[in-house]
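I opened my notebook and the model side by side.

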Amino acid sequence: MFCYHCQEAKKNLVCDKTGICGKKENVSSLQDLLMFSLKGLAYYCCQAEEFGLVSDKTNRFMARALFSMVTNVNFSATEFVTLIDEAVRRRDSVRDKFKAAYQQKHQQEFQQPLAEEAEWQYDAVDEQAFTDKGAKVGVEKDHELLDPDVHALQETLLYAVKGIASLAVHNLEMKVDPLQYIDQYRFIHQALSFTLNKDNELEDVLQLVLHSGELGLTAMGLLEIAHCKKFGDPVPTTVYLDAMDNPGILVSGHDLQDIEDLLEQTADTGVDIYTHGEALSAHAYPAFKKYFNLVANYGGAWQAQKTEFPKFNGPILVTTNSIQQPKKTYEEKLFSTGMVAWQGVQHIADRKAGQRKDFSKIIDAAKQSKMPTALTEGAFVTGYGLKAIMKLTDQVAEAIKSEKIKRIVVIAGTDGRHKERKYYTELSEALPETTLILTAGDVKYRFLAHDFGQIEGIPRLLDVGQSNDFSIIISFMQGLLQTLGLSDFNALPVSFNIAWYEQKTILIMLALFAMNVENIRVGPTLPPFFTPPILDLLADRYGLKGIDTVENDIESIMAGN
Ligand code: SF4
């Protein structure tokens, strides 16, 4: 086992026996074989695109399969065996169609040396055989074959591709026209296929890595538009944290369509719906405000589930990611859906075409449950979606000109277990009162309860939503640039401090690099897959840095570094 693609890799190096996330060695090998197989499929998709032979179904499959490997999404060996088999069958089908079209066009057979990924076969669909094969084709395989820095950037590219794929799945759920996503799909094929070459130059890999950031940002923007089109433009909303008297269902993850389906089926049933983690942002959408049973947010970010879920007493639905090995105390009440899976955890099947997802099983479980045990009281304010935050552009620009706002500090990204993450609480609370704080993603739980006050009537803390909503922050910055008559992003008094955890937050960092934004802090640790020369290169070109003490960072941030 060799996995270092999230912030919780053991000792910030690598999980080599079992994952800190709970991923077992066999699942890690199966994921490696799935990635290996998808590279083969991508190779033929790249060839077949010229002939228009890549179907929407294959693109969707590719996106779902890649998303399944994002940290904390899917831990089911059975599921990975099925995905590997489908990847190889799809590869062979695309290959056969492509070869026929090629033969017809060129009057000769397609001949090219093939990587093993493009031609490996198996005798039977067998979990043990797939696991054994996977153990030989993981990250370490390329360690031996490639320049270490090229390898580091290629791994970064693969993680970014997983992030883009997860956004593709979210966009598909929201019925975004696949044609709008075609650049992302083509890029996925191109990037995976590219990693099959053994003589890639560092600068070429870097260009693809940067392009992945651009495409990730576009994908976030598409999703934001789709959410607003379906559920309305988010409005600043006070979300209560108390527990009510009815039994409830706790929803975690990013999937707003699942939340709508659940609300529709629980309205007037006496079952309340509570949000957890990234689902918090649901409260801000006008379409959900008519459901009086969307009552509160329960608990904090994803990593708190082992202590918070048992106290909820009712069933819990994990919609997109961030599932952890369940404790016995709530295992039977846990439900997964979408690409999320943990062996033994009940799974709610995908919705049938034109229908809502069937949540009757989880609703029945809720009706038998006790009301939640209160964790805390109080309230959060969320919902500075694109329209709401853009309304503040002139006011913020004026406050910058009059130096009432000296710096905008973006603290965005994902929360996690490391105790060093208390840095984000301490930093936000210690920032001078002349700073405006923008946030997206569940790192906000580190400071959302704090009263930051206002600057000239502008709340000092503005929460735009989920980590997927990071594109809103970029749009707001572009609006400020225009209003202030500036052309260079780096002329804005803004500092980015990105709390990374998994592959979607890697995309945020890459999007900032692609925009040539300087002085980005990434923490609580720098990615373990970056080699020292790659860290030097990113520091030289983009001013990438890790976090320091709160005092040192505030001094540096306020000095514009
Ligand atoms: Fe370790 Fe993260 Fe990989 Fe899990 S996803 S095995 S915690 S590096």
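**Cavities, ligand and backbone**

I began with the largest cavity, which holds about 270 Å³ of space. The model is a predicted one, and I kept that in mind throughout.

Next I asked which residues lie nearest the centre of this largest cavity. I noted Asp-32, Met-35, Gly-138, Val-139 and Glu-155, out of 21 lining residues. Then I looked up the helices behind this lining. H1, helix H5 (139-145) and helix H6 (148-173) each give at least two residues to it. H1 has the largest share, with six residues. I sorted the lining by class as well. I wrote down nine nonpolar, four polar and eight charged residues for the largest cavity.

How many cavities of 30 Å³ or more are there? I found seven in the count.

I moved on to the second largest cavity. Its volume is about 120 Å³. Its lining has 20 residues, and Cys-3, His-5, Cys-21, Lys-23 and Thr-71 are the closest to its centre. By class, I listed 12 nonpolar, six polar and two charged residues in this lining.

Where does the ligand sit? I found that its space is the second largest cavity. I then looked at the shell around the ligand. There are 13 residues in it, and Cys-3, Cys-6, Cys-15, Gly-19 and Cys-21 come nearest. Cys-3 and Cys-21 turn up in both of my notes: they are among the residues that come nearest the ligand, and they are among the closest to the centre of the second largest cavity.

I counted 26 lining residues, with Arg-60, Leu-172, Glu-173, Lys-175 and Arg-351 nearest the centre. Helix H2 (56-68), H3, H6 and helix H9 (256-266) each supply at least two residues of this lining. I noted its classes too: nine nonpolar, three polar and 14 charged.

Then I checked the backbone.

Which peptide bond did I write down as cis? I wrote down the bond from Gly-523 to Pro-524, with omega near 5°. I placed Pro-524 in the loop between strand S15 (520-523) and helix H18 (532-542).

Lys-11 was my next stop. Its phi is positive, near 55°, and it is not a glycine. I found Lys-11 in the segment before helix H1 (25-49). Is Lys-11 buried or exposed? Lys-11 counts as exposed because its relative accessible area is 72%, and the cut-off for exposed is over 50%.

Gln-107 is not a glycine either, yet its phi is positive, about 55°. Gln-107 lies in the loop between helix H3 (77-106) and helix H4 (127-134). I put Gln-107 down as exposed, because its relative accessibility is 64%.

Last, I went through the aromatic rings. I recorded 31 aromatic pairs. Which residues form one aromatic cluster? I listed Phe-2, Tyr-4, Tyr-159, Trp-500, Phe-529 and Phe-530 as the members of one.

Definitions and conventions:
Residues numbered from 1 in each chain as written. Predicted model: local features only at pLDDT ≥ 70, side-chain atom pairs only at ≥ 80, totals over all residues. Heavy atoms only, no water. Near = heavy atom within 4 Å. 1 Å grid on protein atoms, 1.4 Å probe; cavity = no way out; pocket = protein on both sides within 12 Å on 5 of 7 lines; lining within 4 Å. Sits in = over half its atoms within 2 Å of the grid points. Helix = DSSP H or I, 4+ residues; strand = E, 2+ residues; numbered from the N terminus. Buried < 20%, exposed > 50% of the residue type's maximum accessible area, 1.4 Å probe, protein only. Phe/Tyr/Trp six-rings, centres within 6.5 Å; stacked < 30°, edge-to-face > 60°. Points joined across faces, edges and corners; volume = space filled by probe spheres on them. Nonpolar A, V, L, I, M, F, W, Y, C, P; charged D, E, K, R; others polar.
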